[in-house]
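This briefing is meant to be read with the sequence and the model side by side. It begins with a pocket and then turns to the packing and to individual residues.

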Amino acid sequence: AKNPSLTASYLYNSILESIEAHQLSGSTIRQLEKMVRHAAILSARGLTDQSMKLLLKVETLAEARQEFIILQQVYRQMRTLLASNRGSENLSVSMEHVLQENLRSAKEITLLSEIRFIQYEFQQKVAISGDLNQNPTEELKGLINSEVMRRITDSSGLFAQITAYNIRSQFYMLTGDDKQGMLNSKKMFDLCYDHKDMLQERGRLLMAAANNYMVRCNRVEAYSEIGRILDLLQKDRSKHLEVETIRLETYYSNKLTLLISTGDKSDNEILNNIENDLSEYESKMNQAFVMLILGSASQYAFAQGNLKAALYWVNRFINHENRNSLEKNLGIAYKYRLLIYYQQGKLDLIESMISSHSKTQTELPVVFPLISDLLDDFLLREIQHGERHQENIKILSVGLQHLKKQKLEEEAFEFFPFDVWAQTILI
């Protein structure tokens, strides 16, 4: 170039204008990495002061987002600039600052790597013990009380703290300490929510923390706290497609669980809202959540006495394209649908369906044989000896209560509270 100074200045201004125009849109990490590369270009062009100013800007942004690997890149370039310009009074940062912060960020990276390895070991021990039918409590205690876990404090990096709280929450759930499990999951959610702006590109993390906390709350019947979290999620709609999809999964699955658990039948809008949002987001949702929402929507409609809607939602569940991924629940869904027909007085249809199934065995294998037999026997007795209704329902109710007391086929009761329904009919 004929005028190196003018060319360098133009390059510098073009880079900064480009960065400002982006305003860190898209992936924040990619934008920060791009800024670091631009700083290197400025340095190579002899624009030391401008390069340092840009690095300081990246340092501030990366620190706010706790992107410690980016910070390592920043401090490496800062060291090079300072070493190449010893004695310069124009540079606004000292080598002491750079070395101290470089060491601090390196320690945070190390700590995060160590706690994630603890998490991996924790999950491996839980998985192996499940396969071997062993109690892993003592081994897991060793991980919970490890030196790495003790080193994590309120001043540690956000992601190290979140990981530690998540491990403890899982541990207390496995050991039956629901109070401590809820406490640690609350701390995890509070941390995520307090830093939600920083986590906007990690929307799944915030929603996973919310879901984990609400599940723990449900175990101890802390329903008002679930309501509070749902209100927060309802306010925090996102323009980011993936984040909004995850928010809807989390919101509707837990909202329906709350309404059903508390016996609140007053929400007349939720099923319409679910219908509208599924029409737009269902194909993008986690399909396990979709199936959970469909099943819960049917159960809520049933509780409201809206049998037509209950049948509509359970049919969507049964006929869903991913139905085979939930073979266990699908089997009990057929039995639940028979109860809807029973409530509608369609005894002829029920007799035909039971008879057809017994002859052709076209449905899925019976995963919950005890409950299935109880329900089939009850329905056939009602068809053949309807005049003995009270006796028929009492036999069913006693049988279901026995299974519940013995903790047999518990997953079937999670899909639908057959015992509660029987008691209602008996009364």
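By class, 15 nonpolar, ten polar and six charged residues make up the lining of the largest pocket, where Ala, Val, Leu, Ile, Met, Phe, Trp, Tyr, Cys and Pro count as nonpolar, Asp, Glu, Lys and Arg as charged, and the others, Gly among them, as polar. The model is a predicted one, in which local features need pLDDT of at least 70 and side-chain atom pairs count only at pLDDT 80 or more, while totals for chains, interfaces and linings use all residues. Residues are numbered from 1 along each chain as its sequence is written, and side-chain values use heavy atoms, with hydrogens and water left out.

**The largest pocket**

- The largest pocket is lined by 31 residues, of which Asn218, Thr257, Leu292, Glu414 and Phe415 lie nearest its centre; a pocket is an open set of points on a 1 Å grid over the protein atoms alone, where a 1.4 Å probe fits, with protein on both sides within 12 Å along at least five of seven lines, and lining residues have an atom within 4 Å of a point.
- Its volume is about 1300 Å³, taken as the space filled by probe spheres set on the grid points, which are joined across faces, edges and corners.
- Two or more lining residues come from each of helix 10 (203–219), helix 12 (241–262), helix 14 (287–304), helix 20 (410–415) and helix 21 (418–426), and helix 14 gives the most, with seven residues; helices are DSSP runs (H or I, at least four residues), numbered from the N terminus.

**Nonpolar cores**

- The largest nonpolar core has 98 residues, of which Ile115, Phe189, Ile274, Tyr336, Ile371, Phe418 and Trp421 touch the most other members; such a core is a set of buried Ala, Val, Leu, Ile, Met, Phe, Trp, Tyr and Cys residues joined through side-chain atoms within 4.5 Å.
- Helix 16 (residues 327–343) supplies the largest share of this core, with ten residues.
- A second, separate core of 22 residues includes Leu47, Leu55, Leu81 and Val93.
- Leaving aside residues up to four places away in sequence, Phe189 touches Leu206, Ala209, Ala210, Tyr213, Ile229 and Leu232, a contact being heavy atoms within 4.5 Å.

**Buried positions in helices**

- In helix 21, Phe418, Asp419, Trp421 and Ala422 are buried, meaning under 20% relative accessible area, whereas exposed means over 50% and partly exposed lies in between (1.4 Å probe, protein chains only).
- These four lie on the same side of helix 21 because they cover an arc of only 160° around the axis, the arc being that of the directions from the helix axis to the C-beta atoms.
- Gln119, in helix 5 (residues 95–132), counts as buried because its relative accessibility is 18%, and, beyond residues up to four places away in sequence, Gln119 touches Thr163, Asn166 and Ile167.
- Gly181 lies in helix 9 (residues 178–194) and counts as buried at 1% relative accessibility; not counting residues up to four places away in sequence, Gly181 touches Ser169, Tyr172 and Arg216.

**Positive phi in loops**

- Most residues other than glycine have a negative phi.
- Glu221, in the loop between helix 10 and helix 11 (223–235), has a positive phi near 60° and counts as exposed at 55% relative accessibility.
- Glu409, in the loop between helix 19 (389–405) and helix 20, has a positive phi of about 50° but counts as buried at 15% relative accessibility.
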